[in-house]
Amino acid sequence: MSFELPTGAPLAIYVVAATLFILSLGGLADQERAKRAIWYGMAGMLLAVVATIISAGINNFAIVAIMVLVGAVIGTFVARRVEMTGMPQLVAALHSFVGLAAVFIGLNADIELTFVQSYVGAIETLTGFSLQLAKKTAAEIGLLKVEIFLGIFIGAVTFTGSVVAFGKLAGHFDGKPKKLPGGHFWNAAAALVCLVLGFIYLNDGGLWTLILIALLAGAIGWHLIMGIGGADMPVVVSMLNSYSGWAAAAIGFTLGNDLLIVTGALVGSSGAILSYIMCRAMNRHFIGVILGGFGGTGDPISNVEGEQIAIDADGVASALTEADNIIFVPGYGMAVAQAQGAVSELVGKLRRDGKTVRFAIHPVAGRLPGHMNVLLAEAKVPYDIVLEMDEINEDFAATDVVIVVGSNDIVNPSAQDDPHSPIAGMPVLEVWKAKQVFVSKRGQGTGYSGIENPLFYKENTRMFFGDAKESILQVLRFMD
């Protein structure tokens with residue numbers, strides 16, 4: 001059974017869907033409009049899927065509908081189960097699916113092209129993508145092969161790279177950078193071989209060249225991301241997001257799908273811009289992140305002078321009672337402990353007591369851009385007291401109390417004080433300038449990058465050890 005939309009209708013629906021995607025992307029820049037923006041994106045995707053399936057003249061509509069339904073059920077199940085702490089690795093996993101789809105579509109396009117070129121029947125008997133291929137000129141077929149090559153290469157790199165990023169974020173792989181001796185040489189050599197194979201494919205090399213390209217590109221993606229340390233993982237996730245977009249755009253050209261081209265370009269360009277912004281926030285060069293990355297073991301604790309002094313909930317409560325100006329600095333530890341609700345409750349009490357309370361958000365806090373903003377919004381923290389690093393960094397010197405909840409690398413003074421530190425030059429929140437700093441941590445370990453933090457040994461810093469949620473709730477009980 002085949003369904004066809006009226007001539008021109010698919011293009012009109014694609015325009016509406018593309019507009020919804022743009023509105024969705026633009027709305028995400030504002031926390032108050034973000035929820036509505038998500039609905040725009042969902043509506044646009046629904047229109048895109050329906051229009052694509054019906055306009056393509058698919059004969060197995062029932063099978064496609066069942067597959068879409070099964071995928072929707074699985075996606076809903078996974079999305080409902082995943083915690084906010086698992087969101088970064090979920091995003092990485094979804095990127096891998098996009099890359100794998102690009103590889104499969106590219107291989108299928110070549111198989112279909114071979115079938116059409118050997119087809120002896122009348123062209124009018126072909127339908128869908130086969131008919132599109134049959135109508136192409138020799139020059140258009142040559143361009144199609146370039147698109148297939150690019151889609152498979154970028155898709156394979158995205159697939160394996162995203163799998164590694166998922167493994168590192170989920171703790172299945174060591175967060176330290178690992179690569180073969182002469183790693184850059186092997187990556188370059190594999191890329192060169194892929195280019196040669198691509199040239200062979202353009203000269204009627206056959207399907208085997210594409211399979212080898214996919215395998216080699218997959219090896220490049222695996223080795224490339226394995227060589228990047230844990231501290232750079234937020235940038236890596238953003239970069240892979242960009243890769244998945246460009247892979248989708250390349251396949252959009254292959255399939256002649258205008259919306260896929262537009263959507264892929266939106267994802268690719270926005271991911272690249274976000275990666276650039278994050279690299280600036282970390283004082284990193286994008287090429288340096290991709291080719292090297294940091295996130296090693298850092299300096300041993302013996303190189304840090306002083307000792308960590310602990311404080312209990314009663315002491316923190318007393319300091320907050322006497323303070324007038326308070327800043328909270330949330331990090332990944334807050335997400336792990338699911339402490340955002342307790343923090344929001346404490347902030348509400350402090351504000352009712354007439355105190356000035358704000359949040360300082362570093363651009364790479366957590367393991368995903370905007371991670372902390374989403375958590376705080378989920379806990380009903382007012383948007384107007386959540387400030388970015390550039391907006392609040394100068395205010396720490398006039399702050400009575402800073403409470404660091406599960407942050408480490410983004411409040412590390414060695415970024416400014418130690419030119420030999422792996423994070424030297426990285427912009428950080430200057431919390432140590434406040435009168436008192438309380439750091440809520442589970443233990444005395446280092447951050448995700450493995451770098452020791454001298455902040456914990458400063459005279460005005462006290463360590464508030466324990467689960468962040470329970471610790472904050474204890475402070476609340478003492479303040480009642």
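**Note on the predicted model**

1. Helix packing. The axes of helix H6 (residues 138-170) and H8 come within 7 Å and cross at roughly 35°. The model is predicted: local features need pLDDT of at least 70, side-chain atom pairs count only at pLDDT 80 or more, and totals for chains, interfaces and linings use all residues. Residues are numbered from 1 along each chain as its sequence is written, and side-chain values use heavy atoms, with hydrogens and water left out. Axes are lines fitted to C-alpha atoms, for helices over the stretch in contact, and angles run from 0 to 180 degrees between N-to-C directions. Helices (H or I, at least four residues) and strands (E, at least two) are DSSP runs, numbered from the N terminus.

2. Handedness and contact residues. H6 passes H8 in a right-handed crossing. Right-handed means that the near helix is turned clockwise from the far one by less than a right angle; anticlockwise is left-handed. On the H6 side, the contact (heavy atoms within 4.5 Å) includes Ile148, Phe149, Ile152, Phe153 and Gly161. On the H8 side, the residues include Leu210, Ile213, Gly218, Gly221 and Trp222.

3. Overall make-up. The protein has 18 helices and six strands. Buried residues make up 47% of its 480 residues. Buried means under 20% relative accessible area, exposed over 50%, and partly exposed in between (1.4 Å probe, protein chains only). Among contacts with a separation of 6 or more, 77% join residues 24 or more positions apart. The protein exposes about 22,800 Å², and carbon and sulfur atoms supply 64% of it. Accessible areas come from the Shrake-Rupley method with a 1.4 Å probe; for residues, only the protein chains shown count as cover.

4. Nonpolar surface patch. A patch of about 1,000 Å² is made by Ile111, Leu192, Leu195, Val196, Phe199, Ile200, Leu207, Trp208, Ile211, Leu212 and Leu215. The elements giving two or more residues to the patch are helix H7 (183-202) and helix H8 (207-226). Ile111 sits in helix H4 (residues 87-117). Its relative accessible area is 47%, so Ile111 counts as partly exposed. Patches take residues with over 30% relative accessible area and no salt bridge; like charges are joined within 9 Å, nonpolar side chains (Val, Leu, Ile, Met, Phe, Trp, Tyr) within 5 Å.

5. Salt bridges. The count comes to six. The rule asks for a side-chain nitrogen of Lys or Arg within 4 Å of a carboxyl oxygen of Asp or Glu. Lys349 pairs with Asp353, with the closest N and O atoms 3.8 Å apart. Lys349 is buried at 15% relative accessible area, while Asp353 is partly exposed at 43%.

6. Asp400 and Lys435. Their side chains meet in a salt bridge at 3.3 Å, N to O. The pair links distant parts of the chain, 35 residues apart. Asp400 is in the loop between helix H16 (389-392) and strand E4 (401-405), and Lys435 in the loop between helix H17 (414-417) and E5. Asp400 is buried at 14%; Lys435 is exposed at 57%.

7. Arg442 and Asp467. The closest N and O atoms of this salt bridge are 3.0 Å apart. Arg442 lies in the loop between E5 and E6, and Asp467 in the loop between E6 and helix H18 (468-479), so the bridge ties together parts 25 residues apart in sequence. Arg442 is exposed at 59%. Asp467 is partly exposed at 23%.

8. Lys458. This residue is in the loop between strand E5 (436-441) and strand E6 (461-465). Lys458 is partly exposed at 27% relative accessibility. Not counting residues up to four places away in sequence, Lys458 touches Pro413 and Trp432.

9. Backbone points to check. Most residues other than glycine have a negative phi. Asp204 has a positive phi, near 65°. Asp204 is found in the loop between H7 and H8 and is exposed at 65% relative accessible area. Phi of Gln338 is also positive, near 55°. Gln338 lies in the loop between helix H13 (332-337) and helix H14 (340-352) and is partly exposed at 29%.
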